[in-house]
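Subject: Handover of a structure

Dear colleague,

Please find the structure below, together with its sequence. My notes on it follow.

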2 protein chains.
Amino acid sequence: MGSLLEPILKKGKLMYLKPAVVTALLACSALSAGAQVPAEKAVKYRQSAFTLMGSHMSRLSAALKGDAPSDKAALAFSGDVIELMSRTAFEGFVPGGDQTGSKAQPEVWKEMPKFKELTKAMQAEAVKLRAATQSGDSAEIKAAFGATAKACKACHDPYLAK
Amino acid sequence: MGSLLEPILKKGKLMYLKPAVVTALLACSALSAGAQVPAEKAVKYRQSAFTLMGSHMSRLSAALKGDAPSDKAALAFSGDVIELMSRTAFEGFVPGGDQTGSKAQPEVWKEMPKFKELTKAMQAEAVKLRAATQSGDSAEIKAAFGATAKACKACHDPYLAK
């Protein structure tokens, strides 16, 4: 939901706006979510963020198994990358645009509200994971890591081509 | 400082090691900065970080020109991405590994101390740029943006293939 529309909806005043105004606001709203990522660069943009998120999820997984450095700075760095990338990646699902090389299913755009709900759930888990990595407590990190991985999978299952 | 070296330094035993051992340990330490990125994934990893850094530098540039949203949250988000990616990207310059698709010149690895110095200078500017975006002051952002772009170029000129 774009920043222009939210305050209006929050105030429950949408019904008082003329249809043309609502349409214009919705158009702005839809654009504003991804307006900053040019459509022709959207695939590369989001794949870059997912590459880094995935890499640091793997790194945390290895650290939890004792196969990678698990000093506090290394863990917190991964937490920072995962959390920021969880927000960055989803800027890349702009309307239309080139889909070359993308594994995102067309259902993403057809079911945008559901997709965004799953996205927000994942981002919320990533915030908790970041906090856990800052604490350095391995049990806390393990729990938050599991919840984040589950939230990733909840979206990959319906929306990512196998 | 790499994790291999740290415990030794922490225990204050470095003076008891032979010079050759110290040299070897320091080499490991230098390597460990990128040891978390597998060599076969290094190109994709660093290019992902550079893609996002470049995208947000363009976004800030557009915002400074009035061609993109310049609300404080949008600016600060770009500052966050640029600063974190400035640290993430340079994990990807691991020794050896596949260079397929990379535009990084072989001189990067031949002149690693100089390359790292330029990297650190750029990262320092990115820290200032992040702080400027958080302030929301456009003159401050403009100055920090210029200094960061200059620091990017200082490394691109000798080390990035045209």
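Helices, as named here, are DSSP runs of H or I with at least four residues, and strands are runs of E with at least two, numbered from the N terminus. By that rule, α3(B) is followed by Gly66(B), whose phi is positive, near 85°.

Two remarks on conventions come first. Residues are numbered from 1 along each chain as its sequence is written, while chains are lettered from A and ligands numbered from 1 in the order in which they are written. The model is predicted, so local features need pLDDT of at least 70 and side-chain atom pairs count only at pLDDT 80 or more, whereas totals for chains, interfaces and linings use all residues; side-chain values use heavy atoms, with hydrogens and water left out.

The two chains

Chain A can be laid on chain B with an RMSD of 0.0 Å, by a turn of 180° and a shift of 0.0 Å along the axis. This is the relation of a two-fold axis. The superposition is by least squares on the C-alpha atoms of residues with pLDDT of at least 70 in both copies. In chain A, the C-alpha nearest the axis belongs to Ser48(A), at 2.1 Å from it. Both copies use the same surface, since 100% of the contact residues of chain A recur in chain B; contact means heavy atoms within 4.5 Å.

Helix α3

In chain B, helix α3 (residues 42-64) has 23 residues and reaches 33 Å from its first C-alpha to its last, close to the 33 Å expected at 1.5 Å a residue. The expected span is 1.5 Å times one less than the number of residues. For α3(A), the count is 23 residues and the reach 33 Å, again close to the 33 Å expected. Gly66(A), with a positive phi near 85°, follows α3(A).

Packing of α3(A)

Helix α3 (residues 42-64) of chain A packs with helix α4 (residues 72-88) of chain A at an angle of about 150°, their axes being 9 Å apart. Axes are lines fitted to C-alpha atoms, for helices over the stretch in contact, and angles run from 0 to 180 degrees between N-to-C directions. The angle makes α3(A) roughly antiparallel to α4(A) (under 35 degrees counts as roughly parallel, over 145 as roughly antiparallel, 65 to 115 as roughly perpendicular and the rest as oblique). The crossing of α3(A) and α4(A) is left-handed, that is, the near helix is turned anticlockwise from the far one by less than a right angle. Among the residues in contact are Tyr45(A) and Leu52(A) of α3(A), and Phe77(A) and Ile82(A) of α4(A).

With helix α7 (residues 138-159) of chain A, α3(A) packs at about 140°, with the axes 11 Å apart. The two helices, α3(A) and α7(A), are therefore oblique to each other, and their crossing is left-handed. Met57(A), Leu60(A), Ser61(A) and Leu64(A) in α3(A) meet residues of α7(A) including Ile141(A) and Phe145(A).

Helix α6

Glu125(A) lies in helix α6 (residues 112-135) of chain A. Leaving out residues up to four places away in sequence, Glu125(A) touches Ala147(A), Thr148(A) and Ala151(A). In chain B, helix α6 (residues 112-135) and helix α7 (residues 138-159) pack at about 160°, with their axes 8 Å apart. Therefore α6(B) and α7(B) are roughly antiparallel to each other, and their crossing is left-handed.

With kind regards
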